[in-house]
Amino acid sequence: MRCSHSIYILGSGNYLPALYRMLGAHLESGRAVVYAAEADLPTKTSTRIKQSGIIKDVKSYIESGALTIADIRSVYSHKATNLDGKAMLGRWLDLVEQVRRKNRFDRVIIISGGTTAFSDSSRLESLLAYEDGICRTVAVSMRKRLLQQIICCYPAASIARMTPKYLFSIINSHQCTMGGDWSYKEWRPGDAIALIGRGLDRALGAGSATLIFQTLKLIYKIDRDQIISRPQLLEDTLRKVVGEKAADVALKSISDETKKMIQSGGTTTTTTTAVTG
C-alpha cells in the first residue's frame with residue numbers, strides 16, 4: 001500500500017533534523033522533491049539544510065532539479081492566493097510541472113508546511129476545503145503519473161488547538177498518518193470510532209462510550225457512519241447528553257487520543273516506511 005496524501009505532525013522542539021532526514025531519504029532514492037516546509041526565503045532554507053550536514057551535496061540536487069526549495073509564501077499567503085483553495089492547488093501543480101519539465105522526473109513528492117496561515121479559527125473551514133481539494137487533486141495526479149505523494153506538515157501547536165470536529169475532518173481528507181520515524185498507517189474513517197471510544201472512556205469512565213453511542217443511536221438517530229462523516233454532530237450532541245463541562249473534558253480527551261495516534265504513525269496495525277516505490 002502506498003500513501004499519496006499523508007499528515008505529519010511536527011514536534012514541539014527542533015523538528016528540522018527529522019524533516020531533513022525524510023527529505024534526504026527521498027532524494028537518495030532518486031525522487032524529485034518540492035520542499036516547502038519552512039517559512040523562510042529559499043536561499044536561507046538551502047543554507048540551513050547544508051549546515052545541518054544531514055544531506056550530502058545539496059547544491060547538486062538543486063542544480064539537477066531533483067530538489068526544489070519553494071517559498072512557502074508563494075502558495076500560503078493572502079497576497080499570493082488570498083488563501084483560496086483552488087488558487088493554492090494551482091500553485092502546487094505549476095511547481096510540479098516545472099520540476100517535471102526540468103529533468104523529466106516521472107513523479108514528484110511535495111513536503112509542505114504553511115498550515116499556520118490558517119491559524120485564525122475563522123479560516124479553519126477554508127483549511128478543510130483546501131485539504132479536501134488536495135485529496136481529489138492527488139488522486140487525479142496519481143492516475144496521470146504526475147505526483148507521487150504530498151506530505152502535509154502540521155505544527156503540533158496548530159493541531160493542539162483543534163477540536164475533534166476539525167481534527168477528524170482534517171485526517172479524513174488524508175490517506176495516511178505518518179509517525180516521527182516516517183512509519184505510516186492508512187487512515188480508515190472507522191478508526192475515528194475507536195479513538196472516540198477510548199477518549200470517552202478515559203474522560204468519563206469505563207463503559208461510557210458504549211452508553212453514549214447507544215444514546216446517540218436510539219434517542220438522536222445518529223449512527224456511527226454519521227459521526228464519522230459529520231464530526232460536528234458528535235460535539236453538538238455530546239453536550240446535550242452529558243452537559244457542557246463533561247463534554248469539554250471528553251472532547252479534549254478524544255483530541256488527545258487522536259493526536260497521540262497521528263504522532264505515532266498509527267499503533268493499531270503494523271507500520272511500514274513511508275518512503276516507497
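Select helix 8 (residues 164-172) and helix 12 (residues 231-242): they pack at an angle of about 165°, with axes 8 Å apart. Helix 8 is therefore roughly antiparallel to helix 12 (angles over 145 degrees count as such). This is a predicted model, in which local features need pLDDT of at least 70 and side-chain atom pairs pLDDT 80 or more, while totals for chains, interfaces and linings use all residues. Residues are numbered from 1 along each chain as its sequence is written, and side-chain values use heavy atoms, leaving out hydrogens and water.

Now show the side chains at this contact (heavy atoms within 4.5 Å). Pro164, Lys165, Phe168 and Ser169 in helix 8 meet Pro231, Gln232 and Glu235 in helix 12. These residues divide into 3 nonpolar, 2 polar and 2 charged.

Next, the salt bridges (a side-chain nitrogen of Lys or Arg within 4 Å of a carboxyl oxygen of Asp or Glu). The whole structure has 13. Select Glu257 and Arg202, which form one at 3.5 Å, N to O. Glu257 lies in helix 13 (residues 244-264) and Arg202 in helix 9 (residues 191-204), so the pair ties together parts 55 residues apart in sequence. Glu257 is buried, with a relative accessible area of 10%, whereas Arg202 is partly exposed at 45% (buried is under 20%, exposed over 50%, partly exposed in between, with a 1.4 Å probe and protein chains only).

Finally, go to Lys185 and Asp191, whose side chains meet in a salt bridge at 2.5 Å, N to O. Lys185 is buried, at 5% relative accessible area.

Terms used:
Axes are lines fitted to C-alpha atoms, for helices over the stretch in contact, and angles run from 0 to 180 degrees between N-to-C directions. Helices (H or I, at least four residues) and strands (E, at least two) are DSSP runs, numbered from the N terminus. Angles under 35 degrees count as roughly parallel, over 145 as roughly antiparallel, 65 to 115 as roughly perpendicular and the rest as oblique. Ala, Val, Leu, Ile, Met, Phe, Trp, Tyr, Cys and Pro count as nonpolar, Asp, Glu, Lys and Arg as charged, and the others, Gly among them, as polar.
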